[in-house]
Amino acid sequence: MYFIFLWSSLSLHDFSATKWKDSSNGLHVEYDQRPDMFRGTVRYASVHAHLGRTASRRDDLESLAYTLIFLLRGRLPWQGYQGDNKSFLVCKKKMATSPELLCCFCPPPLKQFLEIVVNMKFDEEPNYSKLISLFEGLIGSNPAGRPLKIDGAQKIISQVGQKRGRLNIEEDDDGQPRKKVRLGVPATQWISVYNARLPMKQRYHYNVADTRLAQHVEKGVADGLLISCVSSCSNLWALIMDAGTGFTSQEWIMEQWEKNYYISSIAGSNNGSSLVVMSKGTQYSQQSYKVSDSFPFKWINKKWREGFHVTSMATAGSRWGVVMSRNAGFSDQVVELDFLYPSEGIHRRWDNGYRITSVAATWDQSALILSIPRRKPGDETQETLRTSQFPSTHVKEKWAKNLYLASLCYGRTVS
């Protein structure tokens, strides 16, 4: 009964953080992400707001859910964080707290409400009638015999249209199962990216110890192959070598910049070790790098304005390493940063012509760089794959389709 009174005293209008419709053309606002931008109240903000994504109707509804839970329980699990990285820690806690745990002392409809809204798509139109219908049973019960104040709820219903019968919350309106983006089981997996290429020779090595790296590289070089990307899992290296890099030679010493060698691949292990590959024959004219305890988006944004683009990324433990280069061959570049593999952001970027050019991940965060090339490639096909083990079998299947490994990392996804 207390919960229903609180619902009736709130209005969806109170939670609008920004306009979701472009007033000039009447269309939904465009998707974007700026990890250094945050608007809202940390306690009630949606996960997307913390991550710097453009706000839409789903964010208002997620904030509404947190507000109602706070009013009902008196506290939210992410209260009490302090410091400059407060927003990061709160966002991380929100992602890690399941609707079941968050709503364990709340009426069941609130958990159902939260499960729906946290899995809405960016431009999805909320089914307000469906959401309100979840609470009809609570509105209709009044064991104390006191009159209910439901003017607020009725006002909401009048704003969105007549009520419809309650729908199955596990399905979309077209009867198709809804993919639960944030409600699956988190898993640490290989994230591999494949680009279409003309037939070429490519070789992979994985679970390689430090002592055997040089042996594999030397054999590859003898066979006319150079390193195209590297990654690490559990302090062991994964090494991709092929004949399509366009490089003339490679070194692993950063002082080689003076000899026109530039960093072309980097990787780091959990114990803090790093692998830096430098190549001669790249198109780069200048490079800059940053090592940071958090993803250095402000530095990246500054370098973008100076004409640099991200060309390599890696993590070592919880630290990030980013390399940016002049004359990288991109006309534009964006970042997708999340605590899980950012499926929605990637697909939205693809629709606008972006392709993944760098990937990296810590044990709890994934970052992808997507770029638009200055020169349109002949075949723009790109595929991604997530596997619990190194995708050795899948790589061979991709080769048969002229798809070759272009980026690789080991990070957190949801299955």
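**Before you start**

The model is predicted, so local features need pLDDT of at least 70 and side-chain atom pairs count only at pLDDT 80 or more, while totals for chains, interfaces and linings use all residues. Residues are numbered from 1 along each chain as its sequence is written, and side-chain values use heavy atoms, with hydrogens and water left out.

**Stop 1: the whole chain**

Show the cartoon. The protein chain has 13 helices and 15 strands. Both are DSSP runs numbered from the N terminus: helices are H or I with at least four residues, strands are E with at least two. Now colour by accessibility. Of the 415 residues, 50% count as buried. Buried means under 20% relative accessible area, exposed means over 50%, and partly exposed lies in between (1.4 Å probe, protein chains only). Contact means heavy atoms within 4.5 Å. Among contacts between residues at least 6 apart in sequence, 69% join residues at least 24 apart.

**Stop 2: helix α6**

Select residues 108-117, helix α6. This helix is mostly covered, with eight of its ten residues buried. Among them are Pro-109, Gln-112 and Ile-116.

Next, show the side chains of Lys-111 and Glu-115. They form a salt bridge, N to O 3.1 Å. The term means a side-chain nitrogen of Lys or Arg within 4 Å of a carboxyl oxygen of Asp or Glu. Lys-111 and Glu-115 are four residues apart in α6, about one turn of the helix. Lys-111 counts as partly exposed, at 24% relative accessibility. Glu-115 is buried, at 11%.

**Stop 3**

The crossing of α3 and α6 is left-handed: the near helix is turned anticlockwise from the far one by less than a right angle. Now show the contact side chains. On α3 they include Arg-58, Leu-61, Glu-62 and Tyr-66; on α6 they are Leu-110, Phe-113, Leu-114 and Val-117. The residues of this contact divide into ten nonpolar, no polar and two charged. Here Ala, Val, Leu, Ile, Met, Phe, Trp, Tyr, Cys and Pro count as nonpolar, Asp, Glu, Lys and Arg as charged, and the others, Gly among them, as polar.

**Stop 4: Arg-348 and Asp-123**

Select both residues. Their salt bridge has its closest N and O atoms 2.8 Å apart. Arg-348 sits in helix α12 (residues 343-351), and Asp-123 in the loop between α6 and α7 (128-133). The pair links distant parts of the chain, 225 residues apart. Arg-348 is partly exposed, at 22%. Asp-123 is also partly exposed, at 37%.

**Stop 5: Lys-398 and Glu-383**

Select this pair next. The side chains meet in a salt bridge, 2.5 Å from N to O. Lys-398 lies in helix α13 (residues 392-399) and Glu-383 in strand β14 (residues 382-387), 15 residues apart. Lys-398 is buried, at 12%, whereas Glu-383 is partly exposed, at 25%.

**Last stop: a network**

Select Asp-32, Arg-53, Glu-336, Asp-338 and Arg-349. These residues are linked in a network of salt bridges. The model's total is 15 salt bridges.
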